Amino acid sequence: MGPDEEKPPLRPRIEQLGEKVGAVVLIVAVFVAFIFLLTKDQGLDVGYMQAHWGSLLPGLLITIQITVYSYFSGMVIGFGFGWMRTLRYRIPRGLATIWVESFRGTPLFVQLLLLFGLFSYYNPGNLPTDSRLLLTGYFALMLNTSGYQAEIFRAGLQSVAAGQVEAAKSIGLPYWGAMRSVIMPQAVRIVVPPLTNEFISILKASSLLFYIAIHELTYDARVLTFAGGKIVEVYIMLSVTYLALTIPLSKVVSYFERRFRIPGLGVQQERLTRRTRSSTRFVTRVFGTNGTAIGLVTAKVPRNRAAQRPNLADTSISGIFLRGPRMLRRPW
Amino acid sequence: MVIGPSGSGKSTLLRCINLLVLPDKGAVYLEGLQVNRPDIRPEWVRQQVGMVFQQFNLFAHLTALDNVTLGLRKVLGVDPATAATRGRVLLSRVGLGHKADAYPAELSGGQQQRVAIARALAMDPKAVLFDEPTSALDPEYIKEVLDVMTGLARDGMTMIVVTHEMSFAKNVSKRVVFMDDGAVIEEGTPEEVLLHPRHERAKAFMSKILV
């Protein structure tokens with residue numbers, strides 16, 4: 001290509017950097033000022049927070065327990081309905097659609113209230129109040145997540161190419177054999193990221209259960225606010241506790257995703273892009289056949305501003321090939 | 001060999017033979033036995049009749065070796081060690097002994113198609129169906145696949161091939177069938193059908209593709 005006729009003036013790098021730093025400083029300043037105002041010029045009572053973190057522990061355990069139970073039993077139901085939605089037959093497919101839409105189309109909170117009403121009317125097995133409430137909350141989360149997980153499984157099963165199923169049949173595998181040996185192993189790699197998101201959302205949604213007096217994490221935090229009056233401190237503690245659960249979880253799962261990655265399957269490449277005025281930089285991790293990262297490849301594509309499209313002719317590609325986990329850092 | 005214009009029913013014919021599509025009428029015979037009957041399981045028929053697809057359709061989550069041995073292990077119940085040994089022999093036969101541990105995404109189109117042929121052969125089929133095996137390949141890979149198929153034909157394997165590779169059809173096939181509009185219009189030796197077609201539509205087709 002010919003040289004660019006018109007070169008718009010590029011701002012100096014330092015100016016671009018200054019913009020970013022300024023934004024971060026501004027956000028932090030606003031946040032600090034906000035907290036400061038809320039706590040009436042007293043600042044945060046860090047000592048109080050340290051002293052009372054332990055009293056959130058019982059609620060934390062209940063939260064984890066109820067989330068894990070309802071998530072995994074919801075997974076069984078969700079898989080069933082998700083699979084039904086992939087069938088050709090109208091009746092099971094219709095039933096599954098009604099199930100999915102009912103739970104996805106109404107607020108979880110309303111579902112919780114409805115179940116609460118139901119279980120108060122018809123107390124199954126004359127349970128004591130505590131267990132009845134726990135069961136109500138457990139059912140509400142399980143049914144709700146089953147609707148969402150059904151959609152995830154449906155999408156995962158349907159994303160396996162039709163040719164794969166045909167090939168499985170062509171070597172004589174029956175339906176369930178093809179399901180087990182070909183469809184499921186491929187679908188799993190597609191559903192894991194959305195299933196992780198779903199776990200995190202159901203964990204967060206479990207905070208609603210305080211409303212029916214289940215003694216989970218949020219309930220314990222509220223009790224603490226009544227006792228000490230340190231509302232902001234307590235809810236910051238609460239938020240940090242939820243973050244301490246959700247962030248490591250998504251990190252751990254994405255580690256396993258990378259570990260069990262197969263070339264050509266699932267979310268194949270991680271693409272970190274950095275776009276400047278004159279070029280776009282793509283970075284792709286390169287994985288060995290055993291799933292571990294073996295290097296990074298960077299492609300820098302200058303943009304032809306006149307034509308408003310990437311200028312592939314002048315693309316430069318560079319690679320860093322290393323072994324070990326260090327190279328997972330960005331090269332810049 | 002089955003030839004004919006697009007949409008003439010060639011692929012459907014192949015899919016009817018191994019019962020991937022159940023024929024509405026007519027009979028499919030395998031060594032004299034009619035197999036499209038309610039009392040014969042289609043899985044059993046597909047086990048006897050291998051198939052190679054236009055888009056290869058290798059199992060994307062399995063290595064080349066596992067692709068070849070999956071049927072042995074899951075359908076025939078062969079133990080993994082024996083299956084692996086046989087799988088390696090088959091891969092060497094298609095010239096890919098060194099690629100046993102590669103995943104399909106790491107293989108070229110021609111290599112993938114050769115793995116697909118090995119996968120079909122693993123079930124020790126009585127016949128192998130090829131559905132345009134070279135149509136999705138880059139030109140430089142076509143020859144390696146045709147060479148494997150020619151070798152198979154020399155070894156006496158029964159093959160039904162849908163193809164647009166006319167010189168291959170002329171040199172390798174014993175019988176050529178020309179299809180149009182869902183029906184067989186001409187059949188005979190390659191000489192008769194490819195060089196001296198009698199039917200108008202066959203003549204028109206041959207003149208366009210030039211043998």
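Buried area is the accessible area, taken with a 1.4 Å probe, that two parts lose on being put together, summed over both. The size of an interface is often given that way.

Now to our structure. This is a predicted model, where local features need pLDDT of at least 70, side-chain atom pairs count only at pLDDT 80 or more, and totals for chains, interfaces and linings use all residues. Residues are numbered from 1 along each chain as its sequence is written, chains are lettered from A and ligands numbered from 1 in the order in which they are written, and side-chain values use heavy atoms, with hydrogens and water left out.

Start between the chains. Chain A and chain B bury about 2,000 Å² between them. Carbon and sulfur atoms give 64% of that area. Which residues of chain A lose the most area to chain B? They are A:Glu166, A:Ser170 and A:Ile171, together 30% of what that side buries. The contact (heavy atoms within 4.5 Å) takes 21 residues from chain A and 23 residues from chain B.

Next, charge. Side chains of opposite charge can pair when their charged atoms come close. A salt bridge here is a side-chain nitrogen of Lys or Arg within 4 Å of a carboxyl oxygen of Asp or Glu. Between chain A and chain B the count is 1 salt bridge. A:Glu166 pairs with B:Arg15, and their closest N and O atoms are 2.8 Å apart. Over all chains, the count is 15 salt bridges. A:Glu166 sits in helix α7 (residues 162–170) of chain A and B:Arg15 in helix α1 (residues 10–17) of chain B, so this pair joins two chains.

Now inside chain A. Helices are DSSP runs (H or I, at least four residues), numbered from the N terminus. Helix α5 (residues 108–121) of chain A packs on helix α6 (residues 129–159) of chain A at an angle of about 140°, with axes 9 Å apart. Axes are lines fitted to C-alpha atoms over the stretch in contact, and angles run from 0 to 180 degrees between N-to-C directions. Therefore α5(A) and α6(A) are oblique to each other. Oblique is what remains after under 35 degrees (roughly parallel), over 145 (roughly antiparallel) and 65 to 115 (roughly perpendicular). The α5(A) side of the contact includes A:Leu112, A:Phe116 and A:Phe119.

One more pair. Helix α4 (residues 90–105) of chain A meets α6(A) at about 120°, axes 8 Å apart. That makes α4(A) oblique to α6(A) too. Among the contact residues are A:Trp99 and A:Phe103 of α4(A), with A:Tyr148 of α6(A).
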